[in-house]
Amino acid sequence: MENTFCDSDHSPVYIPLVCPLTGTKIRNPVRAPGSDTFGCFDKESFALSGRYTCPLTGRYCLVTELVTDDAMASILAATPDDANFALVNTHDGSLVSYLREPSDPRVRELNTALQKAREDAQFWHDLAHTATTETDALKDRFDEQQKECDQWRARAVKGGDAGRAMGDAIGRAEGAEQSLSLYEDRVERAESKLLTEVELRKDAERQLQELRKQLDDIQRSLVNTQAEPPAPIPTQ
């Protein structure tokens, strides 16, 4: 069990109450191990989605590794089903208020940008995973070709009593070597592609982090604006 509402800056922050996977209110709030975000997502929705990465950070995680947030569960229980955001005290995790819709268009705009950044991070993560799988498959095929080449070489050495068999074995060994060379080139290209996609994923994650910081700044400005007392009404 985990409670992330512990911040040196005790200013309240807005926390989304809807799951980024389904757009509906979270029922069982969880996050990926080591996640430093205030937001959560729904455990059942994650399990049904077939994902293996956190929808908020893009980190690799399994359903069995997800961490339940008891403080977030209490906030969800204390808000109505149609509430989209909760204003939470980061010092003790207590609920200050809630919103049914974002009150500032900048919040909606940043939420859209954050969702796009999450999707980009997920895309590059999936692409890197696919490239890694393809590279592993090519390496396995490379090993098979290497073994076949060694077998034909061994047969060529042992088949000295039959010139035709020797020539055939040597021809096959050369064919295996050519095939091996082709697979070596494919492995190198796949590894280069993987490195490129990993860098792109890192860039997407950095953009996501910058957007989170912008959202935090706007949320703090919203809280400060709400905290200002109303201007006095001049007397006639």
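One term before you click: a salt bridge here is a side-chain nitrogen of Lys or Arg within 4 Å of a carboxyl oxygen of Asp or Glu. This is a predicted model, in which local features need pLDDT of at least 70 and side-chain atom pairs count only at pLDDT 80 or more, while totals for chains, interfaces and linings use all residues. Residues are numbered from 1 along each chain as its sequence is written, and side-chain values use heavy atoms, leaving out hydrogens and water.

Start with the whole chain as a cartoon. Along the sequence they go β-β-β-α-β-α-β-β-α-α. Of the 236 residues, 36% are buried; buried means under 20% relative accessible area, exposed over 50%, and partly exposed in between (1.4 Å probe, protein chains only).

Next, select 29–31, 41–42 and 67–68. That brings up an open three-stranded sheet, order S3-S2-S4, with antiparallel pairing; strands S3 (41–42) and S4 (67–68) are the edges, each pairing on one side only. Two strands pair if DSSP finds at least two bridges between them, and S2 (residues 29–31) is joined to S4 by two. Zoom in on valine 30 and you'll see threonine 68 of S4 opposite.

Stay there and show the side chains of arginine 31 and aspartate 69. They meet in a salt bridge, 2.5 Å from N to O, across 38 residues of sequence: arginine 31 is in S2, aspartate 69 in the loop between S4 and helix H2 (70–77). Arginine 31 counts as buried because its relative accessibility is 0%, and aspartate 69 is buried at 0% too.

Hop over to helix H1 (residues 43–49) and pick serine 45. Which residues does serine 45 touch, not counting those up to four places away in sequence? Cys19, Leu21 and Thr22, with contact meaning heavy atoms within 4.5 Å. Serine 45 is buried, at 16% relative accessibility.

Now for helices H3 (residues 105–158) and H4 (residues 163–227): arginine 153 sits in H3 and glutamate 177 in H4.

Last stop: aspartate 203 and arginine 206, both in H4, three residues apart, about one turn of the helix. Their salt bridge spans 1.9 Å, N to O. Arginine 206 is partly exposed at 49%, as is aspartate 203 at 30%.

Notes
Helices (H or I, at least four residues) and strands (E, at least two) are DSSP runs, numbered from the N terminus.
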